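I opened the notebook to record what I looked up in this structure, entry by entry.

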Amino acid sequence: MGFYVQIQKKSSDGKISNYMFFNENGKGEFSINEQSGKIDYYCKMPNDVKNVYFSRAAFKVIKHWQASGKLPDSEVWAS
């Protein structure tokens, strides 16, 4: 089974960045503390019972942050 998730930054205040992730199943939202990398999953994607889409979206954003030191404006998970 393949996965496709689009990820977009909605906003940032210099401390917290808010992200939306989505595909044909719906959308979800999470925030990331820009200093610590702590993630808050505050709006669950419908039908993502095991959080597989959320975990892929968060992983992709964190890996970008770890590699570049900056949070991305957008990303895509495709597998």
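Before calling anything buried, I noted that the word stands for a relative accessible area under 20%, while exposed stands for over 50%. The model I am reading is a predicted one.

I then searched the whole structure for aromatic pairs, and the search returned 8 of them. Because Tyr19 belongs to strand β2 and Phe30 to strand β3, the pair ties together parts that are 11 residues apart in sequence. Tyr19 has a relative accessible area of 0% and is therefore buried, and Phe30, at 0% relative accessibility, also counts as buried. Phe21 and Tyr41 form a tilted pair, with 6.0 Å centre to centre and 45° between the planes; this pair links distant parts of the chain, from strand β2 to strand β4, 20 residues apart. I also noted that ring pairs join Tyr19, Phe21, Phe30, Tyr41 and Phe54 into a cluster.

Entry 2, strands. I checked how β3 (residues 26-33) and β4 are arranged, and they pair in the antiparallel sense over 4 bridges, with Tyr41 in β4 as the bridge partner of Phe30. The two strands form a hairpin with 5 residues between them, and Gly37 in the turn has a positive phi of about 85°.

In soluble globular proteins, nonpolar side chains tend to be buried together. The largest nonpolar core here has 18 residues, and those touching the most other members are Val5, Ile7, Tyr19, Phe21, Phe30, Ile32 and Val61. I saw that β1 (4-12), β2 (16-23), β3 and α1 each supply at least two residues of this core, and that α1 gives the most, with 7 residues. Beyond its neighbours within four places in sequence, Ile7 is in contact with residues including Tyr19, Phe21, Val61 and Trp77.

The side chain of Asp48 reaches the backbone nitrogen of Val52 at 2.8 Å and that of Phe54 at 3.2 Å. Leaving out residues up to four places away in sequence, I listed Tyr41, Tyr53 and Phe54 as what Asp48 touches.

How values were computed. Residues are numbered from 1 along each chain as its sequence is written. This is a predicted model: local features need pLDDT of at least 70, side-chain atom pairs count only at pLDDT 80 or more; totals for chains, interfaces and linings use all residues. Side-chain values use heavy atoms; hydrogens and water are left out. Contact means heavy atoms within 4.5 Å. A polar contact is a pair of N or O atoms within 3.5 Å; within protein, one must be able to donate a hydrogen and the other to accept it, and residues adjacent in sequence count only if both atoms are side-chain atoms. Two strands pair if DSSP finds at least two bridges between them. A nonpolar core is a set of buried Ala, Val, Leu, Ile, Met, Phe, Trp, Tyr and Cys residues joined through side-chain atoms within 4.5 Å. Buried means under 20% relative accessible area, exposed over 50%, partly exposed in between (1.4 Å probe, protein chains only). Rings of Phe, Tyr and Trp (its six-membered ring) pair if their centres lie within 6.5 Å; planes under 30 degrees apart count as stacked, over 60 as edge-to-face and the rest as tilted.
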